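The questions below ask on what grounds each label is given. Each reply sets a value against its cut-off.

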Amino acid sequence: MSVTRVPPPSLHNPSNQISQIVTADGRRLVHLSGQISWDERGRPVGPGGHGAQAAQIVRNLDAALAAVGATRDDIIDETIYVVDYAPELRGKHLCRLP
């Protein structure tokens, strides 16, 4: 599937982390949900540590996407829920981890 992110020049875009308009061409659409910080055996990873939890969630996300032949570059929209969120966490761990 070809994904095109369109940055309208007349709309403010506060970062390169979002796209206000996205088009997707192709016949396949995959929905993915419920990624949490559990390892492959169902054990919690990083209890109480946002960074370790976020890193595990990204590994799980990558594995799930790979199972359908996709990567994070194919993601059109994502929603992240964080318990005990603090603004200082945003830049450190929660945005587009490698």
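Q: What makes the model a predicted one in practice, and how are residues numbered?
A: This is a predicted model, in which local features need pLDDT of at least 70 and side-chain atom pairs count only at pLDDT 80 or more, while totals for chains, interfaces and linings use all residues. Residues are numbered from 1 along each chain as its sequence is written, and side-chain values use heavy atoms, with hydrogens and water left out.

Q: Where is confidence lowest in the protein chain, and where is it highest?
A: On pLDDT, the predictor's confidence in each residue from 0 to 100, the protein chain averages 81, and 87% of the residues score at least 70. The mean is lowest in helix 2, at 63, and highest in helix 1, at 91. Over residues 93-98 the pLDDT is below 50, though this stretch has 20 contacts in the model beyond near neighbours in sequence. Where pLDDT is low, the predicted coordinates should not be read in detail.

Q: What pattern does the protein chain follow along the sequence?
A: Helices (H or I, at least four residues) and strands (E, at least two) are DSSP runs, numbered from the N terminus. By that rule the protein chain has 2 helices and 2 strands, in the pattern β-β-α-α.

Q: How does the span of helix 1 compare with the expected one?
A: The expected span is 1.5 Å times one less than the number of residues. Helix 1 has 18 residues and reaches 26 Å from its first C-alpha to its last, close to the expected 26 Å. Gly-69, which follows helix 1, has a positive phi, near 75°.

Q: Why is Gln-56 called buried?
A: Buried means under 20% relative accessible area, exposed over 50%, and partly exposed in between (1.4 Å probe, protein chains only). Gln-56 has a relative accessible area of 7%, so Gln-56 is buried. This residue lies in helix 1, where the buried residues also include Ala-54, Val-58 and Leu-61. Leaving aside neighbours within four places in sequence, Gln-56 is in contact (heavy atoms within 4.5 Å) with Ser-37, Trp-38, Asp-39 and Val-45.

Q: Why does Ser-37 count as buried?
A: Ser-37 has 13% relative accessibility and therefore counts as buried. Its place is the loop between strand 2 and helix 1. Beyond four places in sequence, the contacts of Ser-37 include Arg-43, Pro-44, Gln-53 and Ile-57.

Q: What makes the pair Arg-43 and Asp-39 a salt bridge?
A: A salt bridge is a side-chain nitrogen of Lys or Arg within 4 Å of a carboxyl oxygen of Asp or Glu. For Arg-43 and Asp-39 the N to O distance is 2.7 Å, so the pair meets the definition. Arg-43 is partly exposed, because its relative accessible area is 41%, whereas Asp-39, at 14%, is buried.

Q: Why is Leu-29 called exposed?
A: Its relative accessible area is 57%, so Leu-29 is exposed. Leu-29 sits in the loop between strand 2 (21-25) and helix 1 (50-67).

Q: What makes Met-1, Leu-29 and Ile-76 a patch?
A: Patches are made of residues with over 30% relative accessible area and no salt bridge; like charges are joined within 9 Å, and nonpolar side chains (Val, Leu, Ile, Met, Phe, Trp, Tyr) within 5 Å. Met-1, Leu-29 and Ile-76 form a nonpolar patch on the surface, with about 290 Å² of accessible area together. Accessible areas come from the Shrake-Rupley method with a 1.4 Å probe; for residues, only the protein chains shown count as cover.

Q: Is Val-22 buried, partly exposed or exposed, and why?
A: Val-22 has 26% relative accessibility, so Val-22 counts as partly exposed. This residue of strand 2 touches Val-3, Thr-4, Arg-5 and Ile-76, not counting residues up to four places away in sequence.
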